[in-house]
Amino acid sequence: MSYYYCCLWSDNCHNYFNHRPSSGCRNYRPPRAGVVLGDPHLITFDGLSFTFNGKGEYYFVTAPDRELSVQARTEQVKLKNGTLARATWLSSVAMKERASDVIEVHLARGHLQVLRNQKVLPFNEQRWMDLHGVFVFTLSPQNVTVIFHSGAGVEVRVHEGAMAVTIMLPEEFTNDTKGLLGLMNSDPSDDLLTQQGEIISSAHARPEEIFTFGADWSISKNSSLFTYDSEQFLDTYYLPPCHDPAFIPAFTLPEGPDDPLVADMLTMCFGEGAEFCRYDTLTTWSLAMGNAALRAYRDYQARVAALEPVVSCGWLPTPRHGKKNGTHYLVGNTLSFTCNEGYRLYGSTERTCQDDGTWTGAQPYCITECYTANGEDYRGFQNQTSLHGGKPCLYWNETFQHPYNTLKYPNGEGGLGRHNYCRNPDGDVQPWCYIADHEDGIYWRYCDIPTCQMPGNLGCFKDSGDPPTLSGTSETSNKLTIQNCISFCRKQRYKLAGMESGYACFCGNEVDSRDHGESPSMECNHVCFGDHTQPCGGDGWVIIFDTRVGACGGNYSSPSGVIYSPDFPDKYGAGRVCYWTVQVPGSSAILFNFTFFDISDQTDMVELLDGYTNQVVARFDWRSPPRELVNVTGDFVIVYFYSDRTNQAQGFALLYQALRSQDTRTMEAEGDGEDEGEDVSSTAGPQLAAGVTERSNSTSNGRSSQILYVITSSPGKPEHNMPVWTIYALAALLILTVIAMVAKLLLHITVKSPNIPAVSASDSCSQSTASSEPWIILYRPSTISLFKKKLKNHHGDLSPLVGN
């Protein structure tokens, strides 16, 4: 109904598709069609075909539970010579559902006339009318469509002056229909069901028996929906019985081979429906009537073919930050997916609907182009230092006079190749490229890439100092790294951590964007004092991270997110055992993708476990790194990480995406809806989701919303066969330790210790020869800049910002 309103009869189709996105038809069940045509030939909802040419008023369909009634009126056919044939045809059909208006469509001089509650409905100014409980639409005087609120529809057409009626009922009417069109239950053997409940066998029924069956379905006077507004109708239908027992049709029709009408009839009536064509031609002695029956039957055939159940693979969403090309979801249809500029596509670029109702490939989604703090993993396509007015980059295969080129790195190291895209091959604080324009001898520039910002990096913000960008605790350190600051703020139970000028760390819970506007990343590319490969803000600029980055454990419940190894972006620590739970209720599977993976030895590992059984689904280490997407069935997965006490490394970034069953409109709940070819985000993209609660006891406003999981089986930690002599040695060591502790306790009880004099301030200072912090910087915003840029050269290619 809404489609007719918005798209066919107005210019608001875009509003329709915004609020009613495309359906994949996966759960669609087409309606069932029954038809009455010609000298009435009936084809039931279950496909049984028979002829009943009685004269009177009858029930085509009655559905007691849904209070639907469709009634038909037949009259004798008048021959060209003015006599009446021993045949009947439809002259009127009346219908009603529950308390709806009564709609009657009757044949008047070769055209259809529509009555509402016994009054004529004019269609002079508009083609459709939305009435009480019913909708009426007419394309022409020969075609009327009636639709009820239940979805039941009646279409009336006129062919060659003869009326044909098609009734379509949705699946909800199964086992609830009676009348001449039978019991709708996919079983044609019980369609000849009388009002008394007797079933007549259609396989052996003679025409006379079928005529008796049809007469049994004549309506009663008090249930009639028809209009009796003339003396003819009163005399013919209202006063006599509803079925005229005096009228006997022609049950058999001889075909004279010498009759010229028969020869023309055989030429016209061939193929499917020919029996209806021949019957009506001979009973009415009219080729036009035969042709009308044939056309009506072929219309019915086309409609049934269009209503055949289809195999649909279900609706697919548009990936966030991407586009979907195609809106058809049936067998053989292919959809293609692309990502917006600055995003990488993971999953399948094309998916085709298969015969078994499933899509080929994996669900595509578009992810940000960087998952490292300094953009070392950037593999995007920006080829100038800035999107607006930036300098063009030189091709890496043409920079042989510089340290980084494809001759020196021919195997794609650092992302170099026969292109001029920004890269970070030397582990600088952000991607860069060589340029042709030399300014003061500088032949390279950083690239300002808006999409190269790892999840959890909230951006670069102006810090005027009054008020501060982050108003919580702060500290300064000459060994500052991103994770040092994040860990400091996390321990203080803050949500955000900010770094400024390479050595200052600030904590807080929110950023006021009105007073502290976000800036391009170029302002925050001062190196961290503790790690020259990491950006730690700038002079008067603070780079802010979510404190969940690099946490050892956490609970994730949002549809998508990113899990970083502990201590990220620093190297993970020794002896780390971390668990992350990913539980997304309602999802049928969870897709995992390692955007990068750097594990140092075979002992260190990452495992994915079934959250309910604790069974290991996948295990990865330096010998067996992840090489493709991992799809884990179910809605609960545990991610386990273990590191030994040697050979630490960068770690990993693990992107997950929950997938919902294709039997429901999935991600429709996640999406905003889509137009037929629009660019609308409908799937949550990878990010540090707000549904994460850390494994630590951090709270918000003094309240905890933790989800605790007890793991009863040990994940796949490497097994070590311990020699027997080692066990004996450890046991002896334990005994000696106990003896020493007992001896110390006895000595403390029996011997009184002398008082230790206080150490003077001068002594204290002289003894502090080795401090963990050899120097302290008192920080004041926008006043300090210790490091000057230097050129990338053959003697020092680590970082252009590191001074002596």
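Analyst: Let us begin with burial: a residue counts as buried when its relative accessible area is under 20%. In this predicted model, both Cys-485 and Cys-505 are buried.

User: What joins Cys-485 to Cys-505, and what is the handedness of the link?

Analyst: A disulfide is a covalent bond between the sulfur atoms of two cysteines. Here a disulfide joins Cys-485 to Cys-505, with an S to S distance of 2.0 Å. The torsion about their S-S bond is about 80°, so this disulfide is right-handed. The pair links distant parts of the chain, with Cys-485 in helix H8 (residues 482–491) and Cys-505 in strand S25 (residues 504–508), 20 residues apart.

User: Which residue forms a disulfide with Cys-489, and is that link left-handed or right-handed?

Analyst: Cys-489 forms a disulfide with Cys-507, the sulfur atoms being 1.9 Å apart, and with -80° about the S-S bond the link is left-handed. This pair, too, links distant parts of the chain, since Cys-489 lies in helix H8 and Cys-507 in strand S25, 18 residues apart. Both Cys-489 and Cys-507 are buried.

User: How many disulfides does the count come to, and which parts does the pair of Cys-393 and Cys-433 tie together?

Analyst: The count comes to 11 disulfides, and one of them joins Cys-393 to Cys-433, with an S to S distance of 2.1 Å. Cys-393 lies in the loop between S19 and S20, whereas Cys-433 lies in strand S20, so the pair ties together parts that are 40 residues apart in sequence. The torsion about the S-S bond of Cys-393 and Cys-433 is about -70°, so the disulfide is left-handed. Both cysteines of this pair, Cys-393 and Cys-433, are buried.

User: Where is Asn-374 found, and is Asn-374 buried or exposed?

Analyst: Asn-374 is found in the loop between strand S19 (365–368) and strand S20 (432–439), and Asn-374 counts as buried because its relative accessibility is 5%. A polar atom of the Asn-374 side chain lies 3.0 Å from the backbone oxygen of Asp-428. Beyond its neighbours within four places in sequence, Asn-374 is in contact with residues including Asn-424, Gly-427, Thr-533 and Pro-535.

User: Where does pLDDT stay under 50?

Analyst: The protein averages a pLDDT of 81, and 79% of the residues score at least 70. The pLDDT stays under 50 over residues 662–687, for which the model has 88 contacts beyond four places in sequence. It also stays under 50 over residues 793–804, for which the model has 36 such contacts.

Methods: Residues numbered from 1 in each chain as written. Heavy atoms only, no water. pLDDT = per-residue confidence, 0-100. Contact = heavy atoms within 4.5 Å. Helix = DSSP H or I, 4+ residues; strand = E, 2+ residues; numbered from the N terminus. Buried < 20%, exposed > 50% of the residue type's maximum accessible area, 1.4 Å probe, protein only. Polar contact = N/O pair within 3.5 Å; in protein donor to acceptor, adjacent residues only side chain to side chain. Disulfide = S-S within 2.5 Å.
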